[in-house]
Structures are given as structure tokens and as C-alpha cells.
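Trainee: Please take me through this structure, one point at a time.

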Amino acid sequence: MMQDLRVERKGRLLAVKDLPTLPTVLDEVSKLVQDPASSTEQIAKVISKDQVLSAKVLKMVNSPIYGFPRRISTIQHALVLLGFNVIKGLIISTSVFDIMAKNMIGLWEHSLGCALACSSIAKIAGLKDPEEYSVAGLLHDLGKVVATVQLPELKEEIDVLLKEKELTYIEAEVEVMGFGHDRVNAWLSDHWHLPLRLREALAWHHRPKSAQHYPDMAAVVHIGDFLTRAFEVGSGGDDHISYLKPEALEILNLKLTDLEKVLDDLGQEFVELSDFRPED
């Protein structure tokens, strides 16, 4: 019975007609990226055809999350600096911004904060391409948004349960839907053909040790989520500070004391990011 409900709800979650629409240029660009003969200039040209989208992406690129000392004014320059996977993540995040802001108050701020924290954690852990970790932080709660839009009646049940019991958001999701937003993240990643590194971060950020290929991605987002909640940046849907699993620190070869510098830096950076919106 529960299995049948899970299948039915997965079908409703992934009903294409109701899913947040990703810009059509994303398909065109994805095909270009798979062709080794394509140039960065060609990819940038396709993205730049959508002027509204380009403006939003450049605003994200120039946000405090990335901290570039000089303004990045072209998509081509952004692609050279950040790579396609990061730009793709930014396109997805700006595409769901409206839906996120309208349906879950505080989740956009929480996601931005997590992106910032993930970048700092990746740097202190000595990981390459910290921008890829930050985009994973930005998208780590995407499943909550899509579940809210696609299964609104269940969202109401989740909210009621959170008021009645001392549960975390993911515990309430599992009790009501039979699965959490981490599972929804995995389905969406497959549906939107997201890179495996990003999929692992989104699907396993609550259980980083279960990530088979890139546990470092999942561990960074797990710690980033914890720090963002500890600083009370935005809202992840409940008032709890998530439990910091020691395995996440072990995967990254970090100690608790290593996080002290991250904490010192994040305090001010969270303040600078507090009013940022991609559409202002």
C-alpha cells in the first residue's frame, strides 16, 4: 500500500506540465557542451540570447557567494571562471526563485546562506573548484520546493505535523509522504540530467557517508546546512538546528576547530548577503 502511494506521488512530483519550467536555452546549451568541437564562445552566445536570464545569472555570479574582486560583465567570462556545471546550477536556481520565494518563506535566504557556507568549507578543506560546492548548497533544498508545488495538500499536513510534534522537516516529510526531499532531489537530478557530482550532493546531504561516488560533495553540503541553520539564516522549514554528523568531518579530514575560522568569516558574509535577490 505504502509502496503504491510512493509510486503515485513520485509520478505527481515529476509531472512535467507542472514542474518549474527550465529555460529552453538550457537544452540547447547542454547539447553544445556534449560536443567537443563546441567553444565557450558558442555556449555563451546561446545563453546570452535570453537577456533576462543572462542578467539574473550575472547578478548571481557577482554576488558575495563568489566574491570576485572585479565585476564579471559577460556570460562568456563567467563560463571561463566558473564552468558550465556551475552556470547550469545558477540557471536552475534563478528559474525556481519565484516559486521558492512564494511557497516557502525564508528558504531562498537559507539556500543562499548554505551556498556561501559550502564555498568556505570547500576552501578550508582544500577542495578544487569550491564554486561547484556552493551551487550544490544553493540547490540542496530544491526537492522541498517542488514537493510543495506538486503536492500542496501534503505540504499542509507536513506543516500541521511540525506544529504538533518535535520533528525536523525531513522527518515530517517522511511521515507524511513516505520519503524526504533528499529523495525528490535525486529524482529531479535524473529528470533534469544534472551532473553526478551535483546529484550526489543533493541526494545525500543528510547522509553523506551513503554517497557512493562523491561523498565530499554531500559532506560539504551537510556541514553548510548545519552552519546556516546555526546562524539562523532564513528558514529550512523548521526551527531545528540539524545534527552535525561526525562522518561529514571525517570525509573531509576536518576537525571541529577547523570550522572556527569558517564561523568567524561567515558572520559578516551572511550580513552582506542578507538582502540579495536575483531579480532586484
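Predicted model: local features only at pLDDT ≥ 70, side-chain atom pairs only at ≥ 80, totals over all residues.

Mentor: Residues are numbered from 1 along each chain as its sequence is written, and side-chain values use heavy atoms, with hydrogens and water left out.

Trainee: Which element has the lowest mean pLDDT?

Mentor: pLDDT is the predictor's confidence in each residue, from 0 to 100. The protein averages 88, and 95% of the residues score at least 70. Helices (H or I, at least four residues) and strands (E, at least two) are DSSP runs, numbered from the N terminus. Among these elements helix 15 (residues 246-252) has the highest mean, 97, and the lowest, 72, belongs to helix 1 (residues 2-13).

Trainee: How are helix 5 and helix 6 oriented to each other?

Mentor: Axes are lines fitted to C-alpha atoms, for helices over the stretch in contact, with angles from 0 to 180 degrees between N-to-C directions. Helix 5 (residues 75-82) and helix 6 (residues 84-103) pack at about 120 degrees, their axes 7 Å apart. Angles under 35 degrees count as roughly parallel, over 145 as roughly antiparallel, 65 to 115 as roughly perpendicular and the rest as oblique. The two helices are therefore oblique.

Trainee: Is the pair of Y66 and F68 stacked or edge-to-face?

Mentor: Rings of Phe, Tyr and Trp (its six-membered ring) pair if their centres lie within 6.5 Å; planes under 30 degrees apart count as stacked, over 60 as edge-to-face and the rest as tilted. The structure holds three aromatic pairs. In this one the centres are 6.3 Å apart and the planes at 15 degrees, so the pair of Y66 and F68 is stacked.

Trainee: Is Y66 buried or exposed?

Mentor: Buried means under 20% relative accessible area, exposed over 50%, and partly exposed in between (1.4 Å probe, protein chains only). F68, at 26%, counts as partly exposed. Y66 has 9%, so Y66 is buried.

Trainee: Which residues does I170 contact, leaving aside its neighbours within four places in sequence?

Mentor: I170 lies in helix 11 (residues 169-177) and is buried, with a relative accessible area of 17%. Contact means heavy atoms within 4.5 Å. With those neighbours left aside, the contacts of I170 are G180, H181, D182 and H206.
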